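My notes follow in the order I took them.

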Amino acid sequence: MGFSQFKRFSLYNILFAMIWWILEKIQPKWSSRMLYFGLRGGAFPIVKNMDPVLTSSVMGFSFKSPIGLAAGIDKRGNVLDELIQIGFGFGEFGSYTLEKEMPEKKTFLINRFKAIVVQSDGYRNPGVSVMLPIFAARRHLPSVVGINITSTASNEEENIKMGRKMSYLEEFELLVQRVAPYCDYITLNFANPNTELCSLISDRSMMVPLLKGIKRMIEIAAPLKPPKLVVKVPLDLTPTEVPMVTKMFLETGVDAVIVGGPISLTKNSGFIKSKAIPYTGMLSGLPIQDRSTDLVGKFYQFGKGKLPIIASGGVFTGEDAFKKIAAGASLVQIHSALTFSGPGVIYKMNRDLAKILHQKGFKNISEAVGCDFI
């Protein structure tokens, strides 16, 4: 089944897992530094043979595994390619804004719920221009990689106040112009509940010109190998908004949709009460799993399989990944699982997902997409 290189775990691997677990309990930010050294030091072996049942073709790309790395883990370009080598099928850099942004940020890990709560007014990132040399240096690598871009202005008027006399379209066009030559797909991040973008996703009068303008800019910026266009939508979309958003994406040539991202505990106070989460902020991890899976199913049903879906939110095991795929996702992204369990989680997820697919009689993962509705 292609996982023989993992039959023997090295002492280094075992020690890494133990220290990772301790650091996550004491000081989470240290674990990100350890991740860099662990991957560069060979704590996890490179995957050379993946079970063929996991391979698929989505958006014209070939994926050795449907499980990818969501944006947010690697904003400096330090570890994403190494993570892909140990079993992830693809990865995503970001999110990035035009300029460097370093808002105050507090992160709370709630282990008993496998939940992460972030209190921040935006995305901490070095600004997209700083990253361009790093993107250019790794462009020759075969990995399927996306770049996630967004705006942290709460509205277009705020853009003007900040000295950026531009609309959302102009802002995104500048971002696309810079990153298009260096990635396989571009993700427009509309999933941040703290910005106006989250509510504008269902505003056809704004979104249609924006998406068409971005598609044109992609063709101009990278005419020889234009990246695919992906949009990340918020989990707060209502059942009545999903058909309209799906239709709009298909009409404007969006290549895939990412269903997932955090939810605002301030706007969804019921989550605090029902899950006994003692914080406000943006919630991700296991508590949002069901909401994400339900929205994946709605997009799949209305899109009739024509719009590829990348599912994110609460994926911790191979079984979790299969539930997203059965609901209609062609690919799955993880973030919180890596934070809580370390890089070794990808081997277990690939192994268990392959086992489930074999047990259910699927010859390849594409056959399982949307099987809940057959």
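A crossing counts as right-handed if the near helix is turned clockwise from the far one by less than a right angle, and left-handed if anticlockwise. Helices here are DSSP runs (H or I, at least four residues), numbered from the N terminus.

Before going on I noted that this is a predicted model, where local features need pLDDT of at least 70 and side-chain atom pairs count only at pLDDT 80 or more, while totals for chains, interfaces and linings use all residues. Residues are numbered from 1 along each chain as its sequence is written, and side-chain values use heavy atoms, with hydrogens and water left out.

**Helices 8 and 9.** I looked up the axes of helix 8 (residues 204-221) and helix 9 (residues 241-252), which come within 10 Å and cross at roughly 30°. Axes are lines fitted to C-alpha atoms over the stretch in contact, and angles run from 0 to 180 degrees between N-to-C directions. The two helices are therefore roughly parallel (angles under 35 degrees; over 145 is roughly antiparallel, 65 to 115 roughly perpendicular, the rest oblique). From helix 8, Arg204, Met207, Val208, Leu211, Lys212 and Lys215 meet Met244, Met248, Phe249, Glu251 and Thr252 of helix 9; contact means heavy atoms within 4.5 Å.

**Helices 9 and 11.** I found that these axes come within 9 Å and cross at roughly 55°. That makes helix 9 oblique to helix 11. This crossing is also right-handed. Val242, Pro243, Val245 and Thr246 of helix 9 meet Leu295, Lys298, Phe299, Phe302 and Gly303 of helix 11.

**Helices 11 and 12.** I read that the axes of helix 11 (residues 289-303) and helix 12 (residues 318-327) come within 8 Å and cross at roughly 25°. Helix 11 and helix 12 are therefore roughly parallel to each other. Among the residues making the contact are Gln289 and Tyr300 of helix 11 and Asp320 and Ala327 of helix 12.

**Cores.** Which members of the largest nonpolar core touch the most others? Of its 101 residues, they are Leu188, Phe190, Leu211, Phe249 and Phe299. Such a core is a set of buried Ala, Val, Leu, Ile, Met, Phe, Trp, Tyr and Cys residues joined through side-chain atoms within 4.5 Å, buried meaning under 20% relative accessible area with a 1.4 Å probe, protein chains only. Helix 8 gives the most to this core, eight residues. I also noted a second, separate core of 12 residues, including Met59 and Ile310.

Methods. Buried < 20%, exposed > 50% of the residue type's maximum accessible area, 1.4 Å probe, protein only.
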